[in-house]
Amino acid sequence: MDDLPSDPGTLLTTPSTDEALTLVESLVRWLATSGIRIVVILIVAAVLTWVLSWLVRRFIRTMTESSSVLSNVTGAVVKKSQREIKAAKVRREQRAQTLSNVAINVIRMVVWAVALVMILSEIGVNIAPVIASLGVVGLAAGIGAQTIIKDVVAGIVMLFEDALSVGDWVDLEYAEGTVESINLRATQVRDLNGVLWTVRNGEIIRIGNYARGFSNALVSLDIDANADDDRVTTVLEDVAGKLSTDPDWVDVIQGPPEISGMLNVDANRYQRRVVIKTSPGEQWGLERELRARVRAAFAEADLEFAMPRFVETVNKP
């Protein structure tokens, strides 16, 4: 009885020397086996992610460069302009960047998901029931997450069809602006006010892409009904011709100006329209320049624009 400690609780809280040594040995043994394997798994996952990401970027870059060479040869055969060849090259680079970003994100998710399962196995978790449970949970989640699956499938189809790329100016019905990012779940668009809109891919029914091929600079003019239309035609042709040969705009304009005849004639006005084919995204600047030149030319030629229409409203008692 004299060998017992004065406090009986110490028997439960203070391990013996042999127990402490056994615990330390077990910990050291675990660190020397499972611990090292966990570190190796993390290192391999990181290296594998980097290598696969590099291979994806290299593959897509090689495909883009090969496509550029083929496009240059084809462009020389069909006599495409350098502007068209350059625009096609930029387009291919944008698409390559988008596809590589999405592919790398998928690779990261797959590699680290497998690494997590392997780490759980090393910790001592029985992964067989976990995998079976994940299968059941995945089935239930698939039924309850049909919207997410719809968005992902729509995102994959949209990327492979090359409907839009980062940097394009698009109209997605719900938002219009510059595409800032595309992933399998949603597309982000920043509008003219600086607002960043996130649109789910499954909700995109139509895509209006202003960055494809060419755009049209369209200017509609309301002209006074008493103006001499022959002089109006002469002024418009002179302004459009000078603009088409201006060194500041010659690389932007892709075709001869089209000047319409009289449109929407009434007692006070008639309308004329000028359309100029231009590079994608350049139509707004060209429209502003054309309006400014037409206004100055009309003032010099003493031609009048139509006055705004006023609608008189009568308040009935």
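Trainee: Why is arginine 200 called partly exposed?

Mentor: Its relative accessible area is 29%. Buried means under 20%, exposed means over 50%, and partly exposed lies in between, using a 1.4 Å probe and protein chains only. Arginine 200, at 29%, is therefore partly exposed. Before we go on, this is a predicted model, where local features need pLDDT of at least 70, side-chain atom pairs count only at pLDDT 80 or more, and totals for chains, interfaces and linings use all residues. Residues are numbered from 1 along each chain as its sequence is written, and side-chain values use heavy atoms, with hydrogens and water left out.

Trainee: What makes glutamate 203 and arginine 200 a salt bridge?

Mentor: The term asks for a side-chain nitrogen of Lys or Arg within 4 Å of a carboxyl oxygen of Asp or Glu. Here the closest N and O atoms are 3.1 Å apart, so the pair qualifies. Glutamate 203 is partly exposed, with a relative accessible area of 28%.

Trainee: Is aspartate 171 buried or exposed, and why?

Mentor: Aspartate 171 has 17% relative accessibility, so it counts as buried.

Trainee: Which parts does the salt bridge of aspartate 246 and arginine 293 tie together?

Mentor: These side chains meet at 2.5 Å, N to O. Aspartate 246 lies in the loop between α6 (229-244) and β7 (258-259), and arginine 293 in helix α7 (residues 283-300), so the pair ties together parts 47 residues apart in sequence. Aspartate 246 is buried at 15%, while arginine 293 is partly exposed at 23%.

Trainee: How do you know that β3 pairs with β4?

Mentor: Two strands pair if DSSP finds at least two bridges between them. Five bridges join β3 (residues 186-190) to β4, so they pair, and they run antiparallel. Arginine 200 returns here as the bridge partner of alanine 186.

Conventions. Helices (H or I, at least four residues) and strands (E, at least two) are DSSP runs, numbered from the N terminus.
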